[in-house]
Amino acid sequence: MAAPGENMKINGERLWDALMEMAKIGPGVAGGNNRQTLTDEDAQGRALFQSWCQAAGMRMGVDQMGNMFARREGTDPDALPVYVGSHLDTQPTGGKYDGVLGVLGGLEVIRTLNDLGIKTRHPIVVVNWTNEEGTRFAPAMLASGVFAGRHTQDWAYDRIDAQGKRFGDELARIGWKGSEPVGNRPMKAFFELHIEQGPILEAEGVEIGVVTHGQGLRWIECTITGVESHTGSTPMAMRRNAGRGLALVTELVHQIAMAQQPGAVGAIGHVDVYPNSRNIIPGKVVCTVDFRSHILDKLNAMVEELMDRAPAICADIGVEFSAQIVGQFDPPAFDSDCVGAIRDAAVRLGHSHMDIVSGAGHDACWINDVAPTAMVMCPCVGGLSHNEAEEISPAWAAAGTNVLFHAVVATAEIVE
């Protein structure tokens with residue numbers, strides 16, 4: 001595997017200009033972006049990306065889930081392509097870099113190869129995956145999930161948003177429903193650059209995160225059932241308060257995750273209280289526990305402890321507990337050769353680096369099912385993401401993209 005020389009660098013100013021130009025599409029109200037999937041703004045962002053790819057001499061393909069694949073040919077027509085990319089869609093109050101850095105970083109890899117007149121044996125394909133965020137059409141990573149066989153295409157088409165609009169109908173409406181069958185693209189490897197979305201790299205003063213694993217996830221929907229009664233006239237000792245059960249289960253979840261440190265997290269992020277009235281003691285609470293770990297045994301142990309202890313804790317105060325798993329995937333371990341290519345690139349370029357586990361889900365987690373995959377991360381200020389205040393520095397963006405460039409090009413094999 002021929003590696004590019006350490007003097008080969010991307011154009012950091014051009015990359016930053018592209019990020020800022022894309023951010024003009026779907027501006028948020030507080031400096032970020034609202035470019036949700038399959039909106040008119042998403043269509044505009046896609047068109048801009050396509051125009052840049054075509055100007056760079058790439059050929060665009062679009063599949064039936066709207067995934068975009070911009071291909072730079074290699075010298076060997078039979079060689080499997082190396083894929084690189086992420087997503088252009090955002091949260092409703094999203095930042096300018098989540099996902100976008102990975103797509104435009106991939107484009108910058110191609111632009112730099114063109115500048116340097118470098119040919120590779122393997123083709124390189126820059127991809128924009130549809131609906132990574134899942135904020136409008138759940139679940140997240142929907143189109144890469146169909147590509148990897150996690151979901152069926154018909155099921156994905158039938159996802160609806162808050163206004164009852166179907167994914168398949170909206171994809172056709174914005175004009176980005178392609179004709180290519182989904183998943184019919186063998187890969188040599190897939191690389192994804194992303195901001196960390198957490199505080200570890202910045203806190204450690206490290207430029208590059210070499211992502212070795214993604215976190216596994218279990219979503220457990222819990223129902224705590226008590227009795228609705230008047231808050232003023234029901235004696236304290238006679239209350240069957242589902243809200244109090246929620247408080248106890250919330251603390252239990254924290255205790256369980258803390259007992260599995262390091263490498264595990266847990267919290268309750270979604271709660272519905274019934275009847276949700278000021279002067280009625282809650283008769284029912286439905287909440288979702290989110291447990292995550294990159295170690296499968298820890299993940300399963302947390303779920304087992306919740307299921308074992310929560311019913312008794314609730315019974316002690318006169319309420320009932322029931323639960324079911326409503327979302328799950330096991331922790332992915334990324335390909336050792338691809339991870340090694342990223343680590344070698346960081347060393348070759350002299351960037352400080354550390355192994356890291358991705359705390360969030362990414363398209364790479366699904367593509368890892370069907371191709372050798374790895375991720376590289378750069379810091380973000382304060383670990384803040386999914387927020388319009390999300391911020392990175394031009395230097396961080398350039399360092400991450402330079403590592404991406406070296407890992408991708410080494411894998412695609414320079415033709416001397």
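This is a predicted model: local features need pLDDT of at least 70, side-chain atom pairs count only at pLDDT 80 or more; totals for chains, interfaces and linings use all residues.

Analyst: Let's start with threonine 373, which counts as buried because its relative accessibility is 0%, and the cut-off for buried is under 20%. Threonine 373 sits in strand β14, which covers residues 373-378. A polar atom of the threonine 373 side chain lies 2.8 Å from the backbone oxygen of alanine 371. Leaving aside residues up to four places away in sequence, threonine 373 touches Phe190, Phe334, Asp335, Cys338, Ala364, Ile367 and Asn368.

Now over to histidine 87. You'll find histidine 87 in the loop between β3 (82-86) and α3 (100-116). Histidine 87 is in a loop, but with 0% relative accessibility it counts as buried too. Its side chain has a polar contact of 3.0 Å with the side chain of aspartate 89, and another polar contact, of 3.1 Å, links the side chains of histidine 87 and glutamate 132. Glutamate 132 also turns up in the list of residues that histidine 87 touches, which leaves out those up to four places away in sequence: Asp98, Gly99, Val100, Val103, Asn128, Trp129, Glu132, Glu133, His194 and Asp363.

The largest pocket holds about 620 Å³ of space. It is lined by 26 residues, and Pro139, Ala140, Met141, Leu217 and Trp219 are the closest to its centre. The largest share is from β12, with four residues. By type, the lining of the largest pocket has ten nonpolar residues, eleven polar and five charged.

The second largest pocket comes in at about 470 Å³. Its lining has 18 residues, and those closest to the centre are Gln215, Val265, Ser358, Gly359 and Ala360. Here the elements giving two or more residues are β9 (264-274), β11 (284-293) and β13 (353-358). Sorted by type, the lining of the second largest pocket has seven nonpolar residues, eight polar and three charged.

Conventions
Residues are numbered from 1 along each chain as its sequence is written. Side-chain values use heavy atoms; hydrogens and water are left out. Buried means under 20% relative accessible area, exposed over 50%, partly exposed in between (1.4 Å probe, protein chains only). A polar contact is a pair of N or O atoms within 3.5 Å; within protein, one must be able to donate a hydrogen and the other to accept it, and residues adjacent in sequence count only if both atoms are side-chain atoms. Contact means heavy atoms within 4.5 Å. On a 1 Å grid over the protein atoms alone, a cavity is a set of points where a 1.4 Å probe fits but cannot get out, and a pocket is an open set with protein on both sides within 12 Å along at least five of seven lines; lining residues have an atom within 4 Å of a point. Grid points are joined across faces, edges and corners, and a volume is the space filled by probe spheres set on the points. Ala, Val, Leu, Ile, Met, Phe, Trp, Tyr, Cys and Pro count as nonpolar, Asp, Glu, Lys and Arg as charged, and the others, Gly among them, as polar.
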